[in-house]
Amino acid sequence: MNNEALAPEPNPSGDSNPSSDLQDLPQSAGPLDHDSPIFLVGMMGAGKTTIGKALARVLHREFIDLDHELEARCGVRIPVIFEIEGEQGFRKRECQVLDDCTVRPNLVMATGGGAVLAEENRRALQSRGIVIYLRASVEELFRRTSRDRNRPLLATPDPKATLRSLLEMREPLYASVADVVVDTGTTPVHHLVAHIIEQLRQVDKAIDRSAQSRPGNSSASMRADFAASHTEENKPCTP
């Protein structure tokens, strides 16, 4: 594992679209010599979406943001899922989507900050692909998430204290699944991506090629289940 301090370009939300410095990405990097999926874990605001998109672009792979995929399947934003089903319901949906997506080859996937809380998710991430933990300080996480209103867990009187508590609880879980660890700070995205690719080329890991998604966790099945679980007048998504 490598703990060298590197980070994406600062941006308000931390996980927004890549910044303009992506024009400096190492275009000649080319694909890896394997199709094992790559999973990014870390706290909200660690830059998983920004870095994941950039990494997928350079490696010529599909990119998925697990939270966005969950929203697409349910037909509503994450705060609405929390409002209707609570965090427990949200975590159940998250497990279903993660199970379905982690079996895809040639994928770069940014997970939600709490995806590692479920043991079944940690097993899937560890056994089905290469895991990169993007690590950041509480101060940096707060700076990147302070203006983002799409984070239900931070809707508290003291979001910085909430971030600190969440990080203390989740740090051991992120570390336990990681094959590569990168500290984030102020380094531009293209430098970080080049560094990660170097690390990926050195990872020698056996991947579970026999893993299959459970049928009920498919996109169509999940959308139908979510729609059917609510009354007609409070049905938030369109099947």
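The legends below describe close-up views of a predicted model.

Local features are reported at pLDDT of at least 70 and side-chain atom pairs at pLDDT 80 or more, while totals for chains, interfaces and linings use all residues. Residues are numbered from 1 along each chain as its sequence is written, and side-chain values use heavy atoms, with hydrogens and water left out.

**View 1. The largest nonpolar core has 58 residues.** A nonpolar core is a set of buried Ala, Val, Leu, Ile, Met, Phe, Trp, Tyr and Cys residues joined through side-chain atoms within 4.5 Å. Buried stands for under 20% relative accessible area, exposed for over 50%, and partly exposed for values in between (1.4 Å probe, protein chains only). Leu-55, Met-109, Ile-132, Ile-196 and Leu-200 touch the most other members. Helix H3 (residues 78-101) supplies the largest share of this core, 7 residues. Helices (H or I, at least four residues) and strands (E, at least two) are DSSP runs, numbered from the N terminus.

**View 2. Surroundings of Met-109.** Leaving aside residues up to four places away in sequence, Met-109 touches Ile-38, Phe-39, Leu-40, Ile-64, Leu-66, Leu-98, Cys-101, Thr-102 and Leu-125. Contact here means heavy atoms within 4.5 Å.

**View 3. Salt bridge between Asp-35 and Arg-209.** A salt bridge is a side-chain nitrogen of Lys or Arg within 4 Å of a carboxyl oxygen of Asp or Glu; by this rule the count comes to 17. The N to O distance for Asp-35 and Arg-209 is 2.8 Å. Asp-35 lies in the segment before strand E1 (38-41) and Arg-209 in the loop between H7 and H8, so this pair ties together parts that are 174 residues apart in sequence. Asp-35 is partly exposed at 28% relative accessibility, and Arg-209 is exposed at 54%.

**View 4. Salt bridge between Asp-99 and Arg-128.** The side chains meet at 3.2 Å, N to O. Because Asp-99 lies in helix H3 and Arg-128 in helix H4 (residues 119-128), the pair ties together parts that are 29 residues apart in sequence. Both residues are buried. Asp-99 and Arg-128 also belong to a network of salt bridges with Glu-120 and Arg-214.

**View 5. Salt bridge between Glu-119 and Arg-123 in helix H4.** The two side chains meet at 3.4 Å, N to O. Glu-119 and Arg-123 are 4 residues apart, so about one helical turn separates them.

**View 6. Gly-216 in the loop between helix H7 (189-200) and helix H8 (219-228).** Gly-216 is partly exposed, with a relative accessible area of 41%. The C-alpha atoms of Gly-216 and Gln-96 are separated by 8.1 Å, with the two residues 120 apart along the chain.
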